[in-house]
Amino acid sequence: MKDKEIPAFAGSYELKMPKMGESITEGTIINWLVNEGDTFDEGDILLEVATDKVDNEVPAPAEGTLLETKYQAKDVVKVGEVIAILEINKSKAKQDVISTERGTSDEKSHQKTKKQPKKKPVVTSSTVETSHLKSSSFTVSNEDRFFSPLVISIAKQYHISFEELARIPATGNEGRLRKSDVFSYIEEGRPYQFAQPVVQDPTAYRIPQLEFDKGKGKVIEMDRMRQMIADHMVYSKHTSPHVTAYVEADLTNMVNWRNDNKVKFQEKYGEKLTFTPLFVEAVAKAVKDFPNINASVDGNNIIVKEDINIGMATALPSGNLIVPVVKNADTKDLKTLAEDVNELAGKARENKLGGGDIKGSTFTISNVGTFGSVMGTPIINQPEVAILALGIIKKRPEVIETKNGDEIAIRSMMYLSLSFDHRVVDGYLGGSFVRRVADYLEQFDTNRTI
């Protein structure tokens with residue numbers, strides 16, 4: 001066999017950071033699954049890469065050896081940059097060419113020359129004898145679960161049992177626990193470290209093993225973004241004890257002012273004046289009054305954020321949800337807020353949001369009234385501690401106080417609902433904050449000039 005018959009990638013091969021989306025220009029290496037000097041088969045996952053939108057696994061292009069890694073875990077690498085040097089197995093490449101030319105159909109001969117795939121060891125709490133991980137803090141299922149050598153090494157270092165590892169939320173492919181999952185769990189203060197064993201009491205309540213009839217119909221597989229949203233929502237409900245407070249606001253003055261000035265606003269600034277920038281403005285003012293609502297939880301610490309960045313939950317054309325962020329909302333006038341809101345909403349509709357557009361939110365609002373909802377009970381956008389839902393603005397007959405006494409009038413009313421993390425936000429703070437937002441909306445200055 002002549003060298004020219006060897007595939008082009010045989011020999012030394014430069015592995016480059018792949019392009020993972022139209023707007024993606026760089027990726028962060030999560031971790032290498034193959035070390036320098038290790039061999040791999042075609043299709044084996046060499047490393048995991050994270051972007052602002054998704055996590056990706058980078059497979060090996062062919063069988064070979066990892067000679068050198070150019071970047072390490074947590075390094076940010078531009079698309080197209082060489083991240084590793086591989087040595088592709090030439091003899092394997094030659095054998096593939098020979099087999100193709102001969103057109104052999106002998107399955108036994110093919111199996112002899114084909115390298116058997118490597119089997120990954122399955123490690124469970126019942127088979128492990130490692131002294132560091134032998135202690136158990138609670139019962140886990142008997143189902144075997146794979147833990148990579150890297151995860152096991154981290155667990156040994158932090159004295160984490162396999163039972164505790166099994167309780168850590170996993171974000172890897174097919175439920176695999178990743179290095180980032182373990183470190184995130186450690187940063188959260190290891191909430192399952194001292195969980196009590198499940199008591200096998202015959203009189204104790206057990207979750208019934210029900211087999212539900214899920215019915216027949218069209219099966220739609222979740223796309224990657226929908227899976228990430230689902231994981232994020234479940235994680236938020238699991239992490240934060242949600243409490244929701246409701247208030248009602250009379251937006252008649254604001255609605256009338258906006259209706260009288262929206263045409264003038266667009267003619268002067270070239271921007272549509274929707275209700276969203278008015279809501280963002282009121283929320284930013286209330287956050288300044290109650291800064292502890294603009295926070296996140298880090299173990300036993302509360303981090304009160306310096307910047308007030310308001311995320312606004314937005315529906316994409318696919319039906320998925322994304323949260324673009326109005327940065328430093330408290331420092332911007334209405335014109336600038338309208339520009340930011342319209343630009344972000346436009347990018348969302350056209351699927352052109354970049355990584356910087358969806359980063360850094362410190363407090364989130366969700367305008368459920370856009371879809372005709374009277375009110376909502378939103379789920380907190382982690383790692384924030386509260387989220388505000390704004391219902392539909394609806395005209396209703398209301399009793400109001402006038403100089404002539406109580407009268408019934410048609411008013412533009414709206415419900416506001418604040419879901420907050422009861423670990424760090426109590427009823428006084430949550431209730432006072434949402435009431436303050438309503439006050440700013442109700443006390444809107446109708447003499448305000450454009």
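I started with pLDDT, the predictor's confidence in each residue, from 0 to 100. This is a predicted model, so I kept to its rules: local features need pLDDT of at least 70, side-chain atom pairs count only at pLDDT 80 or more, and totals for chains, interfaces and linings use all residues. Residues are numbered from 1 along each chain as its sequence is written, and side-chain values use heavy atoms, with hydrogens and water left out.

Confidence: the protein averages a pLDDT of 82, and 79% of the residues score at least 70. Residues 1-8 are below 50, with 11 contacts (heavy atoms within 4.5 Å) beyond near neighbours in sequence. I also marked residues 92-143, where pLDDT stays under 50 and the model has 75 contacts beyond four places in sequence. Where pLDDT is low, the predicted coordinates should not be read in detail.

Next, helices, which are DSSP runs of H or I, at least four residues, numbered from the N terminus. Axes are lines fitted to C-alpha atoms over the stretch in contact, and angles run from 0 to 180 degrees between N-to-C directions.

I looked up α7 (residues 252-269) and α9 (residues 334-349): their axes come within 12 Å and cross at roughly 80 degrees. That makes α7 roughly perpendicular (65 to 115 degrees) to α9. Trp257, Phe265 and Tyr269 of α7 meet Leu334, Lys335 and Ala338 of α9.

Then α8 (residues 275-289) and α10 (residues 427-442): I noted an angle of about 135 degrees, with axes 9 Å apart. The contact residues include Phe279 of α8 and Tyr440 of α10.

How values were computed
Helix = DSSP H or I, 4+ residues; strand = E, 2+ residues; numbered from the N terminus. Parallel < 35°, antiparallel > 145°, perpendicular 65-115°, else oblique.
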